[in-house]
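Here are some notes for a first look at this model. Please keep the structure open while you read.

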Amino acid sequence: MSYDVERIRADFPILKEKVRGKRLAYLDNAATTQKPRAVIEAITRYYETSNANVHRAVHELAERATTQYEGARDRIAKFFNAQREEVVFTRGSTEAINLVAYSFLRPRLKEGDEILLTGMEHHSNIVPWQLIAAQCGAKVIAAPVLEDGSLDFDGWRARLNERTRFVAVVHVSNTLGTINPVTEIIAEAKQRDIPVLVDGAQAVAHLKVDFAALGADFYTLSAHKLYGPTGFGCLMGKRARLDAMPPWHGGGDMIRTVSFEGSTWAEPPYRFEAGTPDMAGAIGLAAALDYVEGIGLGAIAVHEHSLLLEATHALQDIPGLQLIGTAEGKGGILSFVIQGANAQDVGSLLDQQGVAVRTGHHCTMPLMARFGISATIRASLACYNSQEDVMQLHSALIKSTRLLRM
Ligand code: PLP
């Protein structure tokens, strides 16, 4: 069956919006994706028919809410081939990484230890490690990035040593689109018994992730980058790792017993889910996974790849444009600079023409420093982008560069 992008676009109500009086070409998907009607309706349906607090009541609505909320956990676990006990609900990737930093690594971290990252990490996968490293006298080390935006794997390997206590790596770079060799990284780290966290925020909407097969100790994701709601995400953690971790946030739902003499903790994943959770978030993510599965991640990846090739070709005739990140096999992200033009100015001119892109450092300041720039213009693709979006980006760029050179 051929990929019917117009049918897919029709599932996303917001894509019909006019912006600045123009057709919307939404190319800011790495920041957040738009939501299909199926997700919006699942959330609305939950509030209209089933809303109540979960886990703590016997009344019918609480039962419905709990069934749907825990059903969403089963759905998410199945999609990523994880066990349901391995799926911890969080507010997103950022919170998931912080959870691992504070609950898993900090109690194990000693003076002189090293946490090995890469030079293309999002600030979410740098700052939590810096915070705990500073508390423990440990060091954060970044492996170098090559000129094409791929990881210098030899450089990474050279930094793996007897002091390395933890490895964290982004699966797909939000700025470059580079897909990191996570299987090889996990294999190398495992040989030395070093736990690995993979930041999957930018991967899960584009690549099939099998948590069991991958072998990472921890894998993080954000629902809003996967056609789901904002403020919700997951930490997937190997059972043995989660079992050995103390609670992070204290409160309701994460306990077994509480007394003033001392409290005991619930089993994972509940141990890490203090307080009333985001029921609609979980249900919305489950609906998003159903939606993605309906199209097929493989079909989405093929579609996005062909648009990436088209866009890469089209951008070649923009005067002074230089792509940042051209690694082989990269995902659907086009980051670029234009000689003599301020990225912010270009972004504003594109916006005037209905094209939504992101400009700035994309929360990867060390990567910007690596390339000697302060900002890029970034167009990022999703399942609903079409050739028309690419053409609109191209003609808007031609016009913008003319205006800026006047
Ligand atoms: N990691 C990467 C690679 C990202 O692109 C982002 C968001 O842009 C994050 C982590 C943080 O995700 P969130 O803000 O949803 O927690």
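1. Domain 1 (5–31 + 296–404) and domain 2 (40–293) both contribute residues to the lining of the largest pocket, so the pocket lies between them. Bear in mind that this is a predicted model.

2. Next, the pocket itself. Its volume is about 400 Å³. The lining counts 24 residues, and those closest to the pocket centre are Thr-94, His-122, Ser-124, His-224 and Lys-225.

3. What is the lining made of? Twelve of its residues are polar, six are nonpolar and six are charged. Helix H4 (residues 93–105) supplies the largest share, three residues.

4. An N or O atom in the side chain of His-224 lies 2.8 Å from a ligand oxygen. Ser-93 uses its backbone instead: an N or O atom there is 3.4 Å from an oxygen of the ligand. The ligand would expose 390 Å² if taken alone, and the protein buries 85% of that.

5. Two backbone details deserve a check. Most peptide bonds are trans, and most residues other than glycine have a negative phi. The bond from Pro-268 to Pro-269 is cis, with omega near 5 degrees. Pro-269 sits in the loop between strand S12 (264–265) and helix H10 (279–295).

6. Which loop holds Arg-20? The one between strand S1 (18–19) and strand S2 (22–23). Arg-20 is not a glycine, yet its phi is positive, near 50 degrees.

Note on methods:
Residues are numbered from 1 along each chain as its sequence is written. This is a predicted model: local features need pLDDT of at least 70, side-chain atom pairs count only at pLDDT 80 or more; totals for chains, interfaces and linings use all residues. Side-chain values use heavy atoms; hydrogens and water are left out. On a 1 Å grid over the protein atoms alone, a cavity is a set of points where a 1.4 Å probe fits but cannot get out, and a pocket is an open set with protein on both sides within 12 Å along at least five of seven lines; lining residues have an atom within 4 Å of a point. Grid points are joined across faces, edges and corners, and a volume is the space filled by probe spheres set on the points. Helices (H or I, at least four residues) and strands (E, at least two) are DSSP runs, numbered from the N terminus. Ala, Val, Leu, Ile, Met, Phe, Trp, Tyr, Cys and Pro count as nonpolar, Asp, Glu, Lys and Arg as charged, and the others, Gly among them, as polar. Domain bounds come from an automatic or database domain assignment. A polar contact is a pair of N or O atoms within 3.5 Å; within protein, one must be able to donate a hydrogen and the other to accept it, and residues adjacent in sequence count only if both atoms are side-chain atoms. Accessible areas come from the Shrake-Rupley method with a 1.4 Å probe; for residues, only the protein chains shown count as cover.
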